[in-house]
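Here's a walk through one structure, from its ring pairs to its strands. Keep the viewer open as you read.

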Amino acid sequence: MRLHNRDIRQDVRELGVLLGNILEDQTSRKAFEAVESSRRSSIEYRSGDGKSRKPLIAELEDLSSHHQQIVARGFTTYFELINLAEERERVRTIRTESHEGILDDSLETAAEELGEADIETVRQILNDMLIEPTFTAHPTEARRKTVKSKLREIATCLETLDEQLLTDKEERQVWRDIDAEVTSLWQTPQVRNRQPAPEDEARNVQWYLENTLFDVVGEVYDEFAETINEEIPGTLDIPKLFEFRSWAGSDRDGNPYVTPEVTANTLERQREVILERYRDQLKRLSGILSQDGSRIDAGSAFQASLERDRERLPGSARTAEERYPGEPYRQKLQLMRERLRRVGDVRPGGYDEVDDLLKDLEVIATSLRNNGAESVVESHVDPIRRQVATFGFSLASLDLRDHQQKHTDAIAEALEAEGIGYHGLSEDERVEFLTDAVLQDEPVIDLGDTEPLSEDSARVLELFDSLAAWQTEYGVEAIDTYCISMTEEPSHVLEVLFLADQAGVVSLPEHSGIDIVPLLETEHALSGARRIMGTLFENEAYVQALEARGWTQEIMLGYSDSNKENGFLAANWSLYKNQRRLGKICDDHDVTMRLFHGRGGSISRGGGPMNEALLSLPNSTVTGQVKFTEQGEAIAEKYGNPRIAERNIEQMLNAQLRARKQAIEQPEEEDQEEWLKAMEMMADAARREYRNLLESDGFVQYFEQATPITVIEDLDLGSRPASRSGERTVEDLRAIPWVFSWTQSRCILPGWYAVATGIDSYLDDGGSMETLRTMYDEWPFFRTSLDNAALSLSRTELEISERYAGLADEELRERFFPRVTDEYERAIDLLTEIGQRDHLHTRDWLSENLELRNPYVDPLNILQVHLLDQTDRTGIEERTLRLTVKGIAAGMKNTG
C-alpha cells in the first residue's frame, strides 16, 4: 500500500526552485545570481572541491548592502521552507513505520511491556500516572507569529500533495497556492518591529493547545485504550493521564510586564476558548445522537438529569423541545451547550465545575450503552469526556512564578508597619515567625494596603490579593501552583505559604488552594535539599498544607542555570544525584514527590529527546507523576503539526509507563560503587575546569566580542529582559541568551565544555576505559549524558567559530580559543572511544541533516561576522545583521 506521493528530495528540490524563481521575480537577476553564487561556493568548499572559504568570504564582503540583505533573506527563507520539508518527512516516517508495525516507543510496545505484569500492578501504574507538559513564554522563538502562520499554510499544501490523489489541474492549483504563500512570505518582514507583550506569548501557547493538542489528546487516549485492552484481558478503566499547564501570562520572574491584569485576561481568554470548543463538540455530537425517544428507553437516570436541566433552564428547555421533539439526547445536549454558555455568566444555570459536565456526559454514555450503542460511545462520547477531563474549564492551568527575593522584600516592607524587622531575623527566626503567623486565625498584614510599599513589593501583594478572586471566579484548578525561583532556604517556601494564607487562598488545616513549588537551581540549593525540604516536612504549618494537597510535593529542578553555573557534565551529575536525594527525603517523610524538570530546547539546558530523558531518570524518583517545561522553538517543532504532536505525546506516555513499571519492580537502583566514584571524580574535575574558564580574567569580554550577544539582547524575541539587572556578567545573564549566543557562533560550548577534562581526570587517576564503556552500555544516565554531549559536539563547527574568535582582541583570542579547541578535540576522541564507534553520534539522520544544512548556514555566519566587525553599521546593515540571527537559528533549528 502506497502511503505517500513524494519524498524529501523532491520537496527540497521543488521548494528551492520555487524560491529561486520568486527571489528573481521580486528582486533582480543580479540579486538572484549573488545568492546562487554564494550557495555554490559554500557547497564546493564543503564537498572538498574548493580549497578554502576565501572566495566565498570575499564574494559576500564585496556585495552591496542591498545585495547582502537579499542574500541573508534568501538563505533564511530557504531554511524556513526546508524545515517544512523535513517536518513532512518526519510525518512520512511516523505513518510508514506505524503502518508496518515497526514504530519505536509506540503505545503498542508500552502495552506489551505492561502485559508482562499482573493486573493489579497495571492498575497501580495507570492510577499513578500524570504527565504535565508545561508551556513557558521563555523567549527562544525567533520567528514572528505572522511568518509561522504562512509557513503552516505551506505545510498544509505539502500534506495535500503528499497524501492525496490529485488531478494535474488540482496539483497545479496547490502549487499556485504555495507560490502565493512563499511570495507573501518574501514580502513580509522577517524581523519583529516591536517587542511581544506577555499576552502575545499567552496567545501563542494557546494556539497550540486549542488547534493541535485538544484533538490529538483524544486520539492518543483512544489508541492507548484499544492497545491496552487487546494486550491485557478484562476491562481496564483509563484514568486521566495528561494535564497541560502554562507559564505564559503568569510567570513574573524578571518580567515586570506580567501584571495581574495580564494574568486575569489570560485566564478569561483560555476559559472562553475551551468552552467554545466544548460547545462545538456537543453540537457535532448532537448531529450523531438523533435517536427516536419512542424507540429507545433512555433510562431513569438520564430522564432525571434531563428534568433537572429543564428546571434550571425552562426557557431553553422549551426551545429544545420545539426544535428536537421526541429526541431526548439532542434536547439534553442543547441544554448542556446552554449551561456551558452560562459558565462565568451572571445568568443562573451554568456549570459550577467541570465534574458536573463530566457527569452529564457519563449519563449520556450509560444510556447509550444500555441501548446497545457501545460503538457510538467509544467513537463519539468517550473522546469528549477525555478532552473535558484533560483540559477542564481552563484549557491549561496557570503556574505563577516569581523570584524568592521579591517575596522576602515584600513581607519585610509590609511587616515594618507592624514594628517587625523581618530582614534582621535569622533563618530559624523567620521560619518560626512565618509558621506562627500562618497557624494563627487573625491576619498579620493587609494585602490591600500597598501605599507605603515599593513598586515591586506592592506588585507582590497585589498578585496574592488577586489570586483569591481568580480561584473564586475560574476555579482552584485554573491557577493552583506557585513556583519560587532561586529557592535557597525553607523560609522562601514558607513566605509564599504566609502570603497565600493572608490572601485567604490557604486556610489551614482544612484548605490549601496552591501547590508551593521550590525551584532548586544553584549548587547551594541542590546540595542543601535535605536541609530545605526536611525542615519543611517537619514544619507544623507546612505539614498541614501538604495534607490538604494530598501529601504530594512538587519540586522543580533548574537545568538551565545549573548548567550555566557548573557546566554540562557537573550539572547533569548534580541534578541526577539530587533527584535521588530528593526522592529519599520524600520517602522518609511519606510524601509523594512530583519532579518538575525545568528543561530548555537546547542540550545544555536539559533538552534532547524527552522519552530518553524520562527513561534515564533514577528509579527512586519515578512516582508516575512528572512535569516538564516546553519552551520556544521546541513548542512549534513538537506541537505545530498534529501527527508529530501525537507522536510526541505517545512517546512521553510510552516512556513514563515503562519507567513507572521499572520503578515498582526495582524501587532502588543497584548502585555500582565504582561507577558512582568515577562519575563524582569526572564531575568535580569538569566543574573546576568550567568555572576556571568562566572566572578567567577577560573571559566575559571575550564572550561579548566573539559572539553576537549584543545583537541578541536587542532582538524582540520575548517580553522578558535578557539579563536580570542589565550588567554584563555570566552570572547575571539569563541562560537563554547565553546559549543562543554560542549557538549562533557555531561553538555550542555550553553543551560539551569540560566533558573531556572530566573524563581525562578519571583516566589519569588510574581509571579504566573499559569501565567507562561498561557504564555507557549499562547505565542510561551516563549514556544519555554522553550522547547529548555528542549531539552538541556534532553541531559545533570550530572553523566557523574561529572567524567569530577573530573579532576578539588578539590577546583574548590567543588565550581562549586554543583552550576551547583543545577541549573540543579531546572530547571527540574520548566520546568515540567510549562509544566504540567511528563517529560522534548514534543518529543516522543527523549526519544527513548536517550535510544538507551546513553549506547553507555557512554564508549566513560569514556575513554575520562581517557585519559584526563593522564599527558604524548603516540602518540596512543593522537589519541584515538581525536577519542573519534569524536565518542561523532557522538553519540550526535551535536558539537557546
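**Rings first, then strands**

There are 33 aromatic pairs in this structure; rings of Phe, Tyr and Trp (its six-membered ring) pair if their centres lie within 6.5 Å, with planes under 30 degrees apart counted as stacked, over 60 as edge-to-face and the rest as tilted. Take Trp573 and Trp779: they pair edge-to-face, 6.0 Å centre to centre with 85° between the planes. That pair links distant parts of the chain, 206 residues apart, with Trp573 in helix H24 (residues 568-588) and Trp779 in the loop between helix H33 (769-778) and helix H34 (780-795). Helices (H or I, at least four residues) and strands (E, at least two) are DSSP runs, numbered from the N terminus. Both Trp573 and Trp779 are buried, meaning under 20% relative accessible area, while exposed is over 50% and partly exposed is in between (1.4 Å probe, protein chains only).

Before going on, a word on where this comes from: it's a predicted model, where local features need pLDDT of at least 70, side-chain atom pairs count only at pLDDT 80 or more, and totals for chains, interfaces and linings use all residues. Residues are numbered from 1 along each chain as its sequence is written, and side-chain values use heavy atoms, with hydrogens and water left out.

Now look at helix H29 (residues 699-706), where Phe699, Val700, Tyr702, Phe703 and Ala706 are buried. Down the axis of H29, these buried residues fall within an arc of 160° (from the directions from the helix axis to the C-beta atoms), so they line one face of the helix. An α-helix has 3.6 residues a turn, so residues three or four places apart point the same way.

On to the strands. All of E10 (residues 625-630) is tucked away: 6 of the 6 residues are buried, so the strand is largely enclosed by the rest of the structure. Gln625, Lys627 and Thr629 cover one side, with Val626, Phe628 and Glu630 on the other. E10 pairs in the parallel sense with E1 over 6 bridges and with strand E9 (residues 592-598) over 3 bridges; two strands pair if DSSP finds at least two bridges between them. Thr134 has Thr629 as its bridge partner in E10, and Leu595 stands opposite Val626.

Finally, Glu132 is found in strand E1 (residues 130-135) and is buried, at 2% relative accessible area. Beyond its neighbours within four places in sequence, Glu132 is in contact (heavy atoms within 4.5 Å) with residues including Arg245, Arg594 and Lys627.
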